[in-house]
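Please keep the sequence and the structure in view while reading.

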Amino acid sequence: MAKSLYETLEINENATADEIKKAYRKLARKYHPDVNKDPGAEDKFKEINAAYEVLSNPEKKQQYDQHGDSMFGGQNFHDFARGQGSNVDLDEILRQMFGGGGGFNRSGFSQGGFGGFSEPDLDTNAQVTIDFDVAILGGKQHITLNNDSFDVKIPEGIENGQKIRAKGKGKAYQGQRGDLILKINVSQSPDYVREGDTLSKYFDVPLKIALFGGKVEIKTIHKDITLKVPQNTKQNQKFRVKELGVLNRKAGIKGDLYLKANIVLPKIEDLDEELVQMLESKLPEK
């Protein structure tokens with residue numbers, strides 16, 4: 001019994017699924033219209049795709065192995081394909097002959113040019129904006145996409161523009177499910193500036209503590225701390241607090257927090273009148 005589909009892919013009837021796929025890839029590369037400009041290459045490419053469509057599908061292959069080229073009226077597949085005319089849809093003909101949804105493997109080559117055989121891309125790309133605190137501390141972000149609603153885990157220390165993958169939340173096809181590739185946009189903070197693993201923020205220092213020294217309670221993104229402020233602290237003076245910055249996800253350690261002093265001056269009308277007079281007369285002008 002003649003079985004010319006195997007001849008089209010240049011393999012024998014005992015070829016394994018792996019051998020069928022390898023043969024298809026080799027011939028498809030050779031005859032793809034973006035690569036081969038010879039007359040007739042496009043028709044040959046269509047025949048190769050059609051043969052692979054049948055022989056790569058276990059049910060269709062079994063049907064063809066049973067009946068052979070009798071399904072093409074006794075012709076070999078090449079003559080059968082040529083006899084259909086140049087504008088015929090071989091895909092539709094095979095669908096009618098073998099049944100089912102099938103069709104050519106149109107995802108075999110990337111859009112816009114030759115790209116090699118590949119499986120359908122079921123991944124979905126999307127973007128989400130998260131709070132600054134969530135980016136620093138990690139947490140959950142609720143997502144609503146394609147009539148589906150779910151939580152995505154945000155890892156501690158993620159940076160603006162980075163991407164995370166949510167398994168099984170992409171497109172579905174023939175029982176398979178792709179992933180959701182989520183680009184993270186981080187909102188700006190009114191208090192903090194982030195530079196890599198380092199955070200910085202201003203904290204208020206009463207004038208008395210700036211002059212004479214003392215302790216200031218500060219709420220940081222990680223926890224509340226008590227900072228010892230020395231005498232003669234200047235405006236914008238920096239204080240380093242170790243490991244209260246951002247987690248470096250590769251190194252597994254936190255960066256530092258830099259606190260910058262913002263000296264808060266009292267209002268003259270709130271001071272004792274005698275103190276005001278003394279300050280006015282005693283404070284240096286330079």
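In which sense do strand β4 and β7 pair, and over how many bridges? In this predicted model, strand β4 (residues 163-166) pairs with β7 in the antiparallel sense, over four bridges. Within this pairing, K163 has K183 in β7 as its bridge partner.

Strand β7 (residues 180-186) also joins strand β1 (residues 124-130): the two run parallel and are linked by seven bridges. Strand β7 is mostly covered, with six of its seven residues buried. In general, strands of a sheet pair through backbone hydrogen bonds, in either a parallel or an antiparallel sense.

The pairings discussed in this report are listed below.

| Strands | Sense | Bridges |
|---|---|---|
| β4 and β7 | antiparallel | four bridges |
| β1 and β7 | parallel | seven bridges |
| β12 and β15 | antiparallel | four bridges |

An open sheet is formed by four strands in the order β8-β9-β15-β12, with mixed pairing. β8 (193-195) and β12 (238-241) stand at its edges with a single partner strand each, so one side of each has no neighbour in the sheet. On average, neighbouring strands of this sheet are turned by 30° against each other, direction ignored. Opposite F239 stands L259 in β15.

Turning to the helices, α3 (residues 41-55) and α4 (residues 58-67) pack at an angle of about 100°, and their axes are 6 Å apart. The angle makes α3 roughly perpendicular to α4. In this contact, E53, V54 and L55 of α3 meet K60, K61 and Y64 of α4. The contact residues comprise three nonpolar, three charged and no polar ones.

Technical notes:
Residues are numbered from 1 along each chain as its sequence is written. This is a predicted model: local features need pLDDT of at least 70, side-chain atom pairs count only at pLDDT 80 or more; totals for chains, interfaces and linings use all residues. Side-chain values use heavy atoms; hydrogens and water are left out. Axes are lines fitted to C-alpha atoms, for helices over the stretch in contact, and angles run from 0 to 180 degrees between N-to-C directions. Angles under 35 degrees count as roughly parallel, over 145 as roughly antiparallel, 65 to 115 as roughly perpendicular and the rest as oblique. Contact means heavy atoms within 4.5 Å. Ala, Val, Leu, Ile, Met, Phe, Trp, Tyr, Cys and Pro count as nonpolar, Asp, Glu, Lys and Arg as charged, and the others, Gly among them, as polar. Two strands pair if DSSP finds at least two bridges between them. Buried means under 20% relative accessible area, exposed over 50%, partly exposed in between (1.4 Å probe, protein chains only).
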